[in-house]
Amino acid sequence: MTLSPLDFHEALERAHLIGEQLTGSKEMKRYLKFRQRMEQDPEAKEKIASFNQMKEAYEEVQRFGKYHPDYNKVTREIRQKKREMERVESVAAFRQAEDELDELLYRVSRVIADAVSESIKVPSNNPLYQMMGGCGSGGCGTGGSCGCSAK
């Protein structure tokens, strides 16, 4: 089924309205609040900068994989830096708000996709949705018969 130009315009208008509603959602407001808090936190800034610096070394090592002489050392250090960064309260709060916003965006996308066809794939940052037979592959999307569960 193809949309006529008027129908296509109406669909875009409705998508724009959904976008405006999402921008005003409590999840978006929490996300912005905690992002600002994290960006103003000196400890978070320091840990993020340290992680990003280590990430450059990690990416260099990844080019050669386990054959690089520093592979184990750099891999261990990048995991340590990530844990240190995620232990900072403002970073952890931001990550949770980010996950909640991501969940909202996924659910809205899933409803729209399912209105067209249940076989449409909807991208998600949640690995449970990406598993075969799970919500991301055209399953229930809400925790029904496929066995996945929403937060």
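Start by selecting Arg76, Arg79, Arg83 and Arg87: together they form a positive surface patch. Keep in mind as you click around that this model is predicted. Now zoom in on arginine 87, which sits in helix α4, residues 71-87. Is arginine 87 buried or exposed? It's exposed, with a relative accessible area of 59%.

Next, go looking for rings. Searching the whole structure turns up one aromatic pair. Select tyrosine 31 and phenylalanine 94 to see it: the pair is tilted, with 5.3 Å centre to centre and 40° between the planes. Tyrosine 31 belongs to helix α2 (residues 26-40) and phenylalanine 94 to helix α5 (residues 89-116), so the pair ties together parts 63 residues apart in sequence. Both tyrosine 31 and phenylalanine 94 are buried.

Time for some charges. Side chains of opposite charge can pair when their charged atoms come close.

- Pick glutamate 100 and arginine 30, whose side chains meet in a salt bridge at 3.1 Å, N to O. Glutamate 100 is in helix α5 and arginine 30 in helix α2, so this pair links parts 70 residues apart in sequence.
- Move to lysine 47 and glutamate 84, a salt bridge with its closest N and O atoms 3.9 Å apart. Lysine 47 lies in helix α3 (residues 42-62) and glutamate 84 in helix α4.
- Finish with arginine 95 and glutamate 98, another salt bridge, at 3.8 Å between the closest N and O atoms. They're three residues apart in helix α5, about one helical turn.

How values were computed:
Residues are numbered from 1 along each chain as its sequence is written. This is a predicted model: local features need pLDDT of at least 70, side-chain atom pairs count only at pLDDT 80 or more; totals for chains, interfaces and linings use all residues. Side-chain values use heavy atoms; hydrogens and water are left out. Patches are made of residues with over 30% relative accessible area and no salt bridge: like charges are joined within 9 Å, nonpolar side chains (Val, Leu, Ile, Met, Phe, Trp, Tyr) within 5 Å. Accessible areas come from the Shrake-Rupley method with a 1.4 Å probe; for residues, only the protein chains shown count as cover. A salt bridge is a side-chain nitrogen of Lys or Arg within 4 Å of a carboxyl oxygen of Asp or Glu. Lys and Arg count as positive and Asp and Glu as negative; His and the chain ends are not counted. The place of a charge is taken as NZ of Lys, CZ of Arg, CG of Asp or CD of Glu. Helices (H or I, at least four residues) and strands (E, at least two) are DSSP runs, numbered from the N terminus. Buried means under 20% relative accessible area, exposed over 50%, partly exposed in between (1.4 Å probe, protein chains only). Rings of Phe, Tyr and Trp (its six-membered ring) pair if their centres lie within 6.5 Å; planes under 30 degrees apart count as stacked, over 60 as edge-to-face and the rest as tilted.
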